[in-house]
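I opened the notebook to record what I looked up in this structure.

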Amino acid sequence: MDVTSGVPQGSILGPILFLFYVNDLPNVVVNSKVASFADDTKLYRRVDSTQDTILLQNDLDKLVAWSISSGLVFNQKKCKQQHITKKFNPLEFQYKINDKPLEVTNHKKDLGVYISSDFTWKKHKLEQCTKANKLLGFIRRCAMDVQSSSTRRTLSLAIVHPALGYATQVWALQTIGLIGRIERV
């Protein structure tokens with residue numbers, strides 16, 4: 001039976017074949033930059049003028065044409081646009097794929113890190129604190145009978161601290177309020 005799409009989970013050859021398919025994707029883009037990781041692709045550029053928005057939309061159109069010709073069509077529902085800026089009055093533009101506007105998002109999770117439009121790490125840290133608190137609750141429920149404080153500390157260091165410390169290279173400089181929130185966990 002012909003396989004028209006998809007790859008069996010855990011296949012060794014599948015990711016290599018996928019890389020052959022997408023290897024020429026960055027060459028299609030002329031005016032912007034492409035960041036890809038596995039099957040996740042981002043198109044980005046600095047936008048300071050209306051001309052920049054037009055160039056970005058042209059590159060987006062080229063990516064869409066490439067995806068159709070290669071048989072790897074983008075899932076429009078997963079495509080979003082995000083404006084990352086500290087400007088008070090940023091230049092707004094509605095980007096489109098196949099003449100359908102892309103949803104605007106203020107937060108996007110990328111490789112486990114929330115990127116916010118205002119380029120703060122508040123959303124990321126609050127999500128990490130929530131996850132860490134859930135893990136603490138899990139430890140409390142599972143280790144109710146553990147009396148040893150060193151064992152409880154070891155569980156905390158092994159399970160909770162990695163959740164709080166993920167990607168510290170990115171978000172390490174924080175506001176006092178967020179530092180206090182992390183310390184409370």
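The entries below go through hairpins, a loop residue, cores and a pocket.

**Entry 1: the model.** I note at the start that this is a predicted model. I read every value here with that in mind.

**Entry 2: the β1/β2 hairpin.** I began with the strand pair β1 (residues 33–37) and β2 (residues 40–44). The two run antiparallel and pair over 5 bridges. I looked up the partner of Ala35 and found Lys42 in β2. The two strands form a hairpin, with 2 residues between them. In the turn I checked Ala38, whose phi is positive, about 55 degrees.

Entry 3: Next I took β7 (107–110) and β8 (113–116). They pair in the antiparallel sense, here over 4 bridges. His107 stands opposite Ser116 in β8. Again I found a hairpin with 2 residues between the strands. I then asked which residue in the turn has a positive phi. It is Leu111, at about 50 degrees. Leu111 is not a glycine. Is Leu111 buried or exposed? I found a relative accessible area of 51% for Leu111, so it counts as exposed, the cut-off being over 50%.

**Entry 4: Asn98.** I looked for a positive phi elsewhere and stopped at Asn98. Its phi is about 55 degrees, although Asn98 is not a glycine. Asn98 sits in the loop between β4 (96–97) and β5 (100–101). Its relative accessible area is 49%, so Asn98 is classed as partly exposed. The cut-off for exposed is over 50%.

**Entry 5: Phe74.** Phe74 lies in the loop that joins α3 (50–70) to β3 (80–81). What does Phe74 touch, leaving out residues up to four places away in sequence? I listed Leu63, Val64, Ser67 and Cys79. I also checked Phe74 against Arg141. The two are 67 residues apart in sequence, and their C-alpha atoms are 43 Å apart.

**Entry 6: the nonpolar cores.** I asked which residues make up the largest nonpolar core. There are 8: Cys129, Ala132, Leu136, Ile139, Ala143, Val160, Leu164 and Ile182. Both α4 (122–142) and α5 (149–165) supply at least two residues of this core. The largest share, 4 residues, comes from α4. Not counting residues up to four places away in sequence, Cys129 touches Leu164, Arg181, Ile182 and Val185. Apart from this core lies another, of 7 residues, which include Cys79, Tyr95, Ile97 and Leu102. I had already listed Cys79 as a contact of Phe74.

**Entry 7: the second largest pocket.** I looked up its volume and noted about 180 Å³. Which residues line the second largest pocket? I wrote down Lys109, Gly112, Tyr114, His124, Glu127, Gln128, Lys131, Pro162, Ala163 and Tyr166. By class, the lining has 4 nonpolar, 3 polar and 3 charged residues. I then asked where the lining comes from. α4 and α5 each give at least two residues to the lining. The largest share of the lining, 4 residues, is from α4.

Technical notes: Residues numbered from 1 in each chain as written. Predicted model: local features only at pLDDT ≥ 70, side-chain atom pairs only at ≥ 80, totals over all residues. Heavy atoms only, no water. Contact = heavy atoms within 4.5 Å. Core = buried A, V, L, I, M, F, W, Y, C linked by side-chain atoms within 4.5 Å. Buried < 20%, exposed > 50% of the residue type's maximum accessible area, 1.4 Å probe, protein only. Pairing = 2+ DSSP bridges. 1 Å grid on protein atoms, 1.4 Å probe; cavity = no way out; pocket = protein on both sides within 12 Å on 5 of 7 lines; lining within 4 Å. Points joined across faces, edges and corners; volume = space filled by probe spheres on them. Nonpolar A, V, L, I, M, F, W, Y, C, P; charged D, E, K, R; others polar.
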